[in-house]
Amino acid sequence: MKVFIVGIAGGVGSRLARLLTAAGDRVDGLYRRPEQGERLAAEGVHATHGDLTRLDAPALAELLHGTDVLVFAAGAGGEGGTAATTAIDGTGLTTAIEAARRAGINRLLLVSVFPEAWRDRERSDTFEHYIDVKKRADAELADTDLDWTILRPAALTDDAGTGRINLSPALVHTDITRDDVAATLAELVHTPQIHHRILELTQGPEPIADAVRRQARN
Ligand SMILES: NC(=O)c1ccc[n+]([C@@H]2O[C@H](COP(=O)([O-])OP(=O)(O)OC[C@H]3O[C@@H](n4cnc5c(N)ncnc54)[C@H](OP(=O)(O)O)[C@@H]3O)[C@@H](O)[C@H]2O)c1
């Protein structure tokens with residue numbers, strides 16, 4: 001299976017790339033800083049240099065040739081203010097959707113966020129804008145005829161993965177390790193029966209493969 005990860009150098013994207021590469025999948029993806037390409041290559045991960053905000057859909061579609069599953073794990077991550085969030089988390093997804101269509105790719109997995117994340121704390125305008133852009137991106141993808149899946153992880157941590165999660169259409173927002181998000185995405189990549197689903201993800205008691213299998217039966 002060939003998987004293209006937009007945001008392959010990111011915390012989640014790079015972990016997913018390593019897992020899929022180790023599983024024997026063909027992996028490619030977009031990174032924007034040259035040193036990230038060197039790091040990925042040293043880890044045995046193939047990736048392509050490019051900036052999502054400078055590529056139009058036809059140019060991205062060229063890079064996607066032969067891809068079975070497109071994973072969108074990119075995000076501005078608070079850098080560059082609201083304009084960067086709009087350009088990457090919002091318009092970037094629009095470009096990826098159009099590119100997937102042009103390249104004949106049916107499956108798109110989007111890493112999103114709980115819409116109610118951090119309702120319990122004081123929120124900045126920048127954060128509210130981020131949540132708004134992410135929710136609009138979910139809505140845009142859900143309105144396409146692609147075989148989409150939207151994964152909404154809770155607050156991300158760099159703790160070591162536990163291999164155990166909660167995966168469900170509706171959960172209470174807590175947290176989740178990037179290791180476990182990546183492992184869940186890898187499982188979803190290999191479970192094409194799951195599509196047209198919004199799934200929320202937190203740390204929990206169920207082994208990842210079991211949790212994904214259970215959602216595939218639902
Ligand atoms: N942080 C949280 O608690 C949390 C919670 C739920 C969901 N999420 C979502 O989870 C996703 C992944 O999180 P993460 O921790 O893996 O984020 P991350 O480490 O910031 O990774 C995002 C990647 O996207 C890349 N990117 C940004 N703009 C780009 C562009 N124009 N062209 C190409 N690549 C670009 C970044 O590149 P650079 O490395 O060059 O910056 C980065 O490598 C994000 O979309 C985030 O919204 C986050």
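Reply: Helices (H or I, at least four residues) and strands (E, at least two) are DSSP runs, numbered from the N terminus. By that count the chain has seven helices and 11 strands. This is a predicted model, in which local features need pLDDT of at least 70, side-chain atom pairs count only at pLDDT 80 or more, and totals for chains, interfaces and linings use all residues. Residues are numbered from 1 along each chain as its sequence is written, and side-chain values use heavy atoms, with hydrogens and water left out.

Nine strands form an open sheet of mixed pairing, in the order S3-S2-S1-S4-S5-S6-S10-S8-S11. Two strands pair if DSSP finds at least two bridges between them. S3 and S11 (206–207) are the edge strands, each with a single partner strand, so one side of each has no neighbour in the sheet.

S2 runs parallel to S1 (residues 2–6), and five bridges join the two. Within this pair, Val 3 lies opposite Val 27 of S2. Between S1 and S2 the chain passes through helix H1 (residues 11–22), in a right-handed β-α-β crossover. Right-handed means that, with the strands pointing away from the viewer, the path from the first strand over the helix to the second runs clockwise.

On its S3 side, S2 pairs in the parallel sense with S3 (residues 48–49) over two bridges. Leu 30 has Thr 48 of S3 as its bridge partner. From S2 the chain reaches S3 by way of helix H2 (residues 34–42), and this β-α-β crossover is right-handed too.

Further along the sheet order, S6 (residues 147–153) and S10 (residues 197–203) run parallel and are joined by five bridges. Here Pro 153 stands opposite Leu 201 in S10. Helix H4 (residues 81–103) packs on the sheet, touching S4 (69–72) and S5 (107–111); contact means heavy atoms within 4.5 Å. The direction of H4 makes about 175° with that of S4, where axes are lines fitted to C-alpha atoms, for helices over the stretch in contact, and angles run from 0 to 180 degrees between N-to-C directions.

For the chain as a whole, 50% of the 218 residues count as buried. Of the contacts with a separation of 6 or more, 68% are between residues 24 or more positions apart.

Definitions and conventions:
Buried means under 20% relative accessible area, exposed over 50%, partly exposed in between (1.4 Å probe, protein chains only).
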